[in-house]
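Please examine the structure shown below together with its sequence. The report that follows is meant to be read beside both.

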Amino acid sequence: MNSWIVETKGLKKYYKLGDNTVKALDGVDFQVKEQEFVAIIGKSGSGKSTLLHMIGGLDRPTAGEVCVAGKHLSGMTKEELTVFRRRRVGFIFQNYNLVPDLSVYENTTLPIELDGRHIDRRFVEEILDLLKLQEKKEALPGTLSGGQQQRAAIARAIASKPSIILADEPTGNLDTAASHDVLGLLKMAANQFQQTIVLITHDNDIAQMADRIVRIEDGVIVKGSDSRA
């Protein structure tokens, strides 16, 4: 038995673009241990977002396998994947994706309510405290700074108690100081709540905050790039 929470084998994603075939992923073998914080780094178009979408069950591979938290995603129906994502995966996006007419607290608990589950209010309050959002929990997203909105997105991702958090360029809209503040809080929260993080970025400084860095180029993981930050 290994302790991989994420494992891909021979993962490929090909697209047709006119007469050409774009190999967004071209045979990726990738693993993440439980409670590890891994940064995937690469230029725009390198395949890092495609890999994250495959791990999150947002897209289907052309070939290969994706296993997350002991589940083989290729064997799931669209409906099963939706439930799996809601319960086992927390997403953090660059553009926050907060619902504008819901408060910070309501945004945080929305995925749990959509799943029809009981809200652990004590846990939610603990998350908001940790992410320095307690005083803003009744505020609407439009009244918050970019850093506060991204912390609210992190709170939402953590609150449903997922096995893994997938962060897609989560600091892309923030300045350097806010970026480090947000990533520091994300790392602290994941450690406290024993969650795994896979983060994609093109920023080497942000990647250095992870436990491990993996570089991807032209749809393949660069040999020898897998390193401890």
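This report describes strands, helices and charged side chains in turn. The model is predicted.

## The antiparallel sheet

Strands of a sheet pair through backbone hydrogen bonds, in either a parallel or an antiparallel sense. In this model, four strands form an open sheet in the order E2-E1-E4-E5, and their pairing is antiparallel. Strand E2 (20-33) and strand E5 (71-72) stand at the edges with a single partner strand each, so one side of each has no neighbour in the sheet.

Strand E4, which covers residues 63-68, pairs with E5 in the antiparallel sense over two bridges. Cys67 has His72, in E5, as its bridge partner.

## A parallel pair of strands

Strand E6 comprises residues 89-93, and four of its five residues are buried, so that the strand is mostly covered. Its pairing with strand E7 (residues 164-168) is parallel and runs over five bridges. Within this pairing, Phe91 has Leu166 of E7 as its bridge partner.

## A mostly covered helix

Helix H1 spans residues 48-55 and is mostly covered, with six of its eight residues buried. The buried residues in H1 are Lys48, Thr50, Leu51, Leu52, Met54 and Ile55. An α-helix has 3.6 residues a turn, so residues three or four places apart point the same way. Just after H1, Gly57 adopts a positive phi of about 70°.

## Salt bridges between parts of the chain

The structure holds nine salt bridges. One of them joins the side chains of Asp120 and Lys161, at 3.0 Å from N to O. This pair links distant parts of the chain, 41 residues apart: Asp120 is in the loop between H3 and helix H4 (121-130), while Lys161 is in the loop between helix H5 (146-159) and E7. Asp120 counts as partly exposed at 29% relative accessibility, and Lys161 is partly exposed with a relative accessible area of 45%.

The side chains of Glu125 and Lys137 also meet in a salt bridge, with 3.0 Å from N to O. Glu125 lies in helix H4 and Lys137 in the loop between H4 and H5, so this pair ties together parts that are 12 residues apart in sequence. Glu125 is partly exposed, with a relative accessible area of 24%, and Lys137 is partly exposed, with 21%.

## A helix-to-helix bridge and a network

Which residue forms a salt bridge with the side chain of Asp181? The partner is Arg151, and the N to O value is 3.7 Å. Asp181 lies in helix H6 (residues 176-192) and Arg151 in helix H5, so the pair ties together parts that are 30 residues apart in sequence. Is Arg151 buried or exposed? Arg151 is buried, because its relative accessible area is 9% and buried means under 20%. Asp181, in contrast, counts as partly exposed at 32% relative accessibility.

Salt bridges also link residues in a network, which consists of Arg86, Arg87, Asp115 and Arg117.

## A negative patch on the surface

Charged residues also gather on the surface: Asp101, Glu106, Glu113 and Glu138 form a patch of negative charge there. One of these residues, Glu113, is found in helix H3, which covers residues 104-114.

Technical notes. Residues numbered from 1 in each chain as written. Predicted model: local features only at pLDDT ≥ 70, side-chain atom pairs only at ≥ 80, totals over all residues. Heavy atoms only, no water. Pairing = 2+ DSSP bridges. Buried < 20%, exposed > 50% of the residue type's maximum accessible area, 1.4 Å probe, protein only. Patch = residues over 30% accessible without salt bridge, like charges linked within 9 Å, V, L, I, M, F, W, Y side chains within 5 Å. Areas by Shrake-Rupley, 256 points an atom, 1.4 Å probe, with all protein chains shown as cover. Salt bridge = Lys/Arg side-chain N within 4 Å of Asp/Glu carboxyl O. Lys, Arg positive; Asp, Glu negative; His and termini not counted. Charge placed at Lys NZ, Arg CZ, Asp CG, Glu CD.
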